[in-house]
Structure formats: C-alpha cells, structure tokens
Amino acid sequence: MAASAAPAVDASSVAADQLKSFIERIERLEEEKAGLASDIKDVYAEAKGTGFDTKALRKIISLRKKDHAERQEEEAILELYMQALGMV
C-alpha cells in the first residue's frame, strides 16, 4: 500500500489551515490529558491518605484493563517462571 503524498503547505493554503487546526486540537487534548493526569494523581494521593496501597491499586487497574483470558495467560506464565526459579 503506497503512502499518500503530503499536501503542499503554504501560509495561504487550505492545507495550512487544516494543519493549524490539527495542531490546535492536539494542543487542547494534551492540556486536557495533563489535567486528567493531575486528577488521577490526586485520587491516588487521597487513597494513600486513607491507608490504601497505591502500588496495589495501580496493579488492580492494570489487571482490570485486560480481558480474562489475557490475565490467565499472564498468570500462568508468571507461575511457570516462578516455579523454574524455585520461588513457589
């Protein structure tokens, strides 16, 4: 599949307007992402202040993102490696 040619960009072209629009949208989304990251950090700090282990919370969130079969496969491989190292 051939890549499409990039549109010619000069200050007065429609492509320049599109480019500026894309850049501005990305910048707004990056600002929103930074705000959300700050909010998440605050929630973890609140949970820690209540006595919860934030490392465990992060692990649970990571596991919940995966489907059941993926988690089972990961756990089986981990178990196999731990057995090979005499850790179980």
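In which helix do Lys-20 and Glu-24 lie, and how many residues apart are they? Both sit in helix H1 (residues 14–49), four residues apart, which is about one turn of the helix.

Before the points, some housekeeping. This is a predicted model, with local features needing pLDDT of at least 70 and side-chain atom pairs counting only at pLDDT 80 or more, while totals for chains, interfaces and linings use all residues. Residues are numbered from 1 along each chain as its sequence is written, and side-chain values use heavy atoms, with hydrogens and water left out.

1. **Overall layout.** The protein chain has three helices and zero strands, running α-α-α from the N terminus on. Helices here (H or I, at least four residues) and strands (E, at least two) are DSSP runs, numbered from the N terminus. Of the 88 residues, 7% count as buried. For that label, buried means under 20% relative accessible area, exposed means over 50%, and partly exposed is in between (1.4 Å probe, protein chains only). The chain exposes about 8000 Å², and carbon and sulfur atoms supply 60% of that area. Accessible areas come from the Shrake-Rupley method with a 1.4 Å probe, and for residues only the protein chains shown count as cover.

2. **The annotated stretch.** UniProt, in an unreviewed entry, places a "coiled-coil region" at residues 12–46. UniProt positions are given in the numbering used here, feature names are shortened, and annotations may be inferred rather than shown by experiment. In the model, residues 12–46 are 94% helix and 0% strand, with the end C-alpha atoms 51 Å apart.

3. The whole structure has three salt bridges, a salt bridge being a side-chain nitrogen of Lys or Arg within 4 Å of a carboxyl oxygen of Asp or Glu. One of them joins Lys-20 and Glu-24 at 4.0 Å, N to O. Lys-20 counts as exposed because its relative accessibility is 53%, and Glu-24 counts as partly exposed because its value is 34%. Another pairs Glu-30 with Lys-33 at 3.4 Å, N to O; these two are also in H1, three residues apart, again about one turn of the helix. Glu-30 is partly exposed at 43%, and Lys-33 is exposed at 51%.

4. **The Lys-66 to Glu-74 bridge.** Here the closest N and O atoms are 2.5 Å apart. Is Lys-66 buried or exposed? Lys-66 counts as buried, because its relative accessibility is 18%.

5. **Ahead of H1.** Ser-13 lies in the segment before H1 and is buried, with a relative accessible area of 15%. A polar atom of the Ser-13 side chain lies 3.0 Å from the backbone nitrogen of Ala-16, and one lies 3.4 Å from the backbone nitrogen of Ala-15. Both are listed as polar contacts, meaning a pair of N or O atoms within 3.5 Å; within protein, one must be able to donate a hydrogen and the other to accept it, and residues adjacent in sequence count only if both atoms are side-chain atoms.

6. **The start of H2.** Asp-53 is in the loop between H1 and H2, and is partly exposed at 49%. At the start of H2, a side-chain oxygen of Asp-53 reaches to within 2.8 Å of the backbone nitrogen of Lys-55. The backbone nitrogen of Ala-56 is 3.1 Å from a polar atom of that Asp-53 side chain. H2 itself (residues 54–65) has 12 residues and reaches 17 Å from first C-alpha to last, close to the 16 Å expected at 1.5 Å a residue. The expected span is 1.5 Å times one less than the number of residues.

7. **H3 and its end.** H3 has 17 residues and reaches 24 Å from first C-alpha to last, close to the 24 Å expected. Leu-80 is in H3 (residues 68–84) and is exposed, at 53%. Ile-77, Leu-80 and Tyr-81 make a nonpolar surface patch of about 320 Å². Patches are made of residues with over 30% relative accessible area and no salt bridge, with like charges joined within 9 Å and nonpolar side chains (Val, Leu, Ile, Met, Phe, Trp, Tyr) within 5 Å. Just after H3, Gly-86 takes a positive phi of about 70°.
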